[in-house]
Amino acid sequence: SLSPTTFSFSGSSGGPTPSAKNLTIANTGTATLNFSATTNQNWCHSTPNSGIVSIGGSSIASVSVDAPSNVGTFSCTLTVSDPNATNNSQTASLTYIVTDTVPPSVSITAPTNGVTVSGTIPITVDATDNSAVTKVEMYVNALLIGTDTTAPYSFSWDTTKSANGTATLKAVAYDQVNYTNLHIITVTVN
């Protein structure tokens with residue numbers, strides 16, 4: 001028999017690996033148990049993944065998961081089996097909840113801060129996140145001029161529609177859980 005039969009792990013994307021948990025594999029049968037442990041996902045593990053348990057005895061296996069990367073809820077089944085056992089193939093269920101606690105990073109790469117601009121100009125933005133950037137919004141003087149959902153993030157700004165003088169450009173990046181970050185520069189419209 002297995003105890004417990006359910007495990008819950010949690011972590012944050014890009015964070016440390018959650019601590020391993022113990023699984024007791026007990027031999028309640030009438031013969032020596034020669035078990036093997038397998039999982040149906042490559043991110044969950046049992047150590048050891050095989051062993052021998054005498055009649056009435058038990059063995060402790062360490063159940064672990066890899067460091068979290070993608071955000072979401074993931075499931076894994078750990079199967080412990082011995083082809084000669086009466087109750088062959090017992091399972092334990094693992095749930096792994098990975099949250100995102102890191103906002104994206106964002107930088108306006110063109111134009112550069114402080115330059116003078118005229119006519120229609122391209123605006124380019126670099127944005128990255130530990131999970132995924134879902135969109136970047138570009139504002140000129142608090143007016144949304146565009147949204148881009150695919151890197152490389154680029155926009156076109158017709159400066160003739162803005163008054164001469166200082167203009168504020170603001171890029172706002174969003175990630176999968178709507179964390180945001182922004183980058184602001186100023187340019188001179190001439």
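Modeller: P104 touches T128, D129, V133, A173, Y174, D175, Y179, T180 and N181, leaving aside residues up to four places away in sequence. Contact here means heavy atoms within 4.5 Å. This is a predicted model: local features need pLDDT of at least 70, side-chain atom pairs count only at pLDDT 80 or more, and totals for chains, interfaces and linings use all residues. Residues are numbered from 1 along each chain as its sequence is written, and side-chain values use heavy atoms, with hydrogens and water left out.

P104 sits in the loop between strand 9 (90-99) and strand 10 (105-110). Strands (E, at least two residues) are DSSP runs, numbered from the N terminus. The relative accessibility of P104 is 1%, so P104 counts as buried. Buried means under 20% relative accessible area, exposed over 50%, partly exposed in between (1.4 Å probe, protein chains only).

N178 belongs to the loop between strand 16 (165-175) and strand 17 (180-189). N178 counts as exposed because its relative accessibility is 55%. Its backbone stands out too: phi of N178 is near 65°, a positive value in a residue other than glycine.

N141 also has a positive phi, near 50°, and is likewise not glycine. N141 lies in the loop between strand 13 (133-140) and strand 14. With a relative accessible area of 43%, N141 is partly exposed.

Two other prolines deserve a check of omega. The peptide bond from S3 to P4 is cis, with omega near -10°. P4 is placed in the loop between strand 1 (2-3) and strand 2. The bond from A151 to P152 is cis as well, with omega near -5°. P152 falls in the loop between strand 14 (143-148) and strand 15 (153-158).

Five strands form an open sheet in the order 2-9-8-4-6, with mixed pairing. Its edge strands are strand 2 (6-12) and strand 6 (50-53), each pairing on one side only. Two strands pair if DSSP finds at least two bridges between them. Neighbouring strands of this sheet are turned by 20° against each other on average, direction ignored. The axes are lines fitted to C-alpha atoms, and angles run from 0 to 180 degrees between N-to-C directions. Strand 4 (residues 33-39) and strand 8 (residues 72-81) pair in the antiparallel sense over four bridges. There, A37 stands opposite V80 in strand 8.
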